[in-house]
Amino acid sequence: MSNQTAERPSAAAPRKRAGTAETLFRFQSFFGLVAVFIAAVIFSPRDDEGQILFLTSDNLFNIVRAVSEIGIIAVGLTFVILIGGIDLSVGSVLGLAAVGSAVLMVEDGLGVWATVGLVLLAGVVFGLLQGTAVALLGVQAFIVTLAGLQIARGLARMWSGGETVQISYGDGPGQAPMLFSLLGERTFGGVVPIPVLIFAVVAVAAILFLRTSAYSRHLYAIGGNEKAARLSGVPVNRVKIIAFGIAGFCAALAGIVHAGQLNAGSPNDGIAYELDGIAAVVVGGTSLAGGRGSVIGTIAGALLLGILNNILSLNSVNTDLQLLIKGLVIVAAAALQRLRPTS
């Protein structure tokens, strides 16, 4: 009896270590975010009065504003990656949405809400069509969305005539309503950029949706084991199609925000944004194999990359070296996922 009692602690020790390791991997994005934030404070340049430039309110809100578009895209990508998919078209859909926003208001004379509604609908439909090709036709998501990247970019060029469509504001013909200009403004005493609020609303909505809906359980089930999920009655095809629709919606919303911030829509907008969005998801701890991850982690990943970009720029680090450093961070995050316990 005493021998059995003595053996219990040794049997529990591996389980305790495994639980600790799982906790570290689960919150890797937050630990990384804290570490990068501390490093940014330490290595930040100072002004003539000795103030740390990184910690100024203007700089911190500029970081979140710069992250807002990629963050919105990354939230949508999280849904697709959770099912083990990928969406390479989101950057082009952003460009299509930016062009659409400019053309519909400036050239077609539509109001803000009609424009926003049509652009968001276009993004959702584009995503649903891609999801249908993946789920019902069985074409790999990489191929479908690679084609979607080209199609959306081509549509943006056709819609704009291959030119940037400038947005000017006013009540006359060829001018957009002043309401749309708010996307480039700040609120709460001129401190918080409007895009930051939109990003926050999207993030909170996605977090609550994934925590409370039956659909979220289906997402994780498909990403974990699609065959088992199908056998257990999960509507796999419908869940996949909706996931791509959500990604399309988020990309279109980011495109609207982009047009509002730059007061223009260009067919070249959003180039390589899909790579930044995927990077934020991966750095945030979501597995590219599917079945693991969270929107909260994605937000932390986006902020981590945003802070990294900012502190490198503040220190005037060479652009090529910046790309190298960010690439190493992404590889390190992906490598950590490979080391994560499977249970």
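Residues are numbered from 1 along each chain as its sequence is written, and side-chain values use heavy atoms, with hydrogens and water left out. Because the model is predicted, local features need pLDDT of at least 70 and side-chain atom pairs count only at pLDDT 80 or more, whereas totals for chains, interfaces and linings use all residues.

Two packed helices are described by the angle between their axes and the distance between the axes. Helices here are DSSP runs (H or I, at least four residues) numbered from the N terminus; axes are lines fitted to C-alpha atoms over the stretch in contact, and angles run from 0 to 180 degrees between N-to-C directions. Helix H4 (residues 90–106) packs against H5 at an angle of about 150°, with the axes 9 Å apart. H4 is therefore roughly antiparallel to H5, a term for angles over 145 degrees. The crossing of H4 past H5 is right-handed, that is, the near helix is turned clockwise from the far one by less than a right angle. Val93, Ala97, Gly100, Ser101, Leu104 and Met105 of H4 make the contact with Val112, Thr115, Leu118, Val119, Gly123 and Phe126 of H5, where contact means heavy atoms within 4.5 Å.

Helix H5 (residues 112–135) also packs against helix H6 (residues 141–160); their axes come within 9 Å and cross at roughly 150°. H5 is therefore roughly antiparallel to H6, and this crossing is right-handed. On the H5 side, Phe126, Gln130, Ala133 and Val134 meet H6 residues that include Ala141, Val144, Thr145 and Gly148.

H4 packs against H10 as well, at an angle of about 50° and with the axes 7 Å apart. The crossing of H4 and H10 is right-handed. Among the residues making the contact are Val90, Val93 and Leu94 of H4 and Ala247, Gly248 and Ala251 of H10.

Ser89 lies in the loop between helix H3 (57–82) and H4. Its relative accessibility is 1%, so Ser89 counts as buried (buried means under 20% relative accessible area, exposed over 50% and partly exposed in between, with a 1.4 Å probe and protein chains only). The side chains of Ser89 and Asp87 are joined by a polar contact of 2.6 Å. A polar contact is a pair of N or O atoms within 3.5 Å; within protein, one must be able to donate a hydrogen and the other to accept it, and residues adjacent in sequence count only if both atoms are side-chain atoms. Beyond four places in sequence, Ser89 is in contact with Phe126, Gln130, Thr145, Gly148 and Leu149.

The largest nonpolar core has 91 residues, of which Phe79, Ile167, Phe180 and Leu219 touch the most other members. Such a core is a set of buried Ala, Val, Leu, Ile, Met, Phe, Trp, Tyr and Cys residues joined through side-chain atoms within 4.5 Å. Helix H10 (residues 236–262) supplies the largest share of this core, 13 residues.

Asn310 lies in helix H12 (residues 295–314) and counts as buried because its relative accessibility is 16%. Its side chain makes a polar contact of 2.9 Å with the side chain of Asn59.

Key: Helices (H or I, at least four residues) and strands (E, at least two) are DSSP runs, numbered from the N terminus. Angles under 35 degrees count as roughly parallel, over 145 as roughly antiparallel, 65 to 115 as roughly perpendicular and the rest as oblique.
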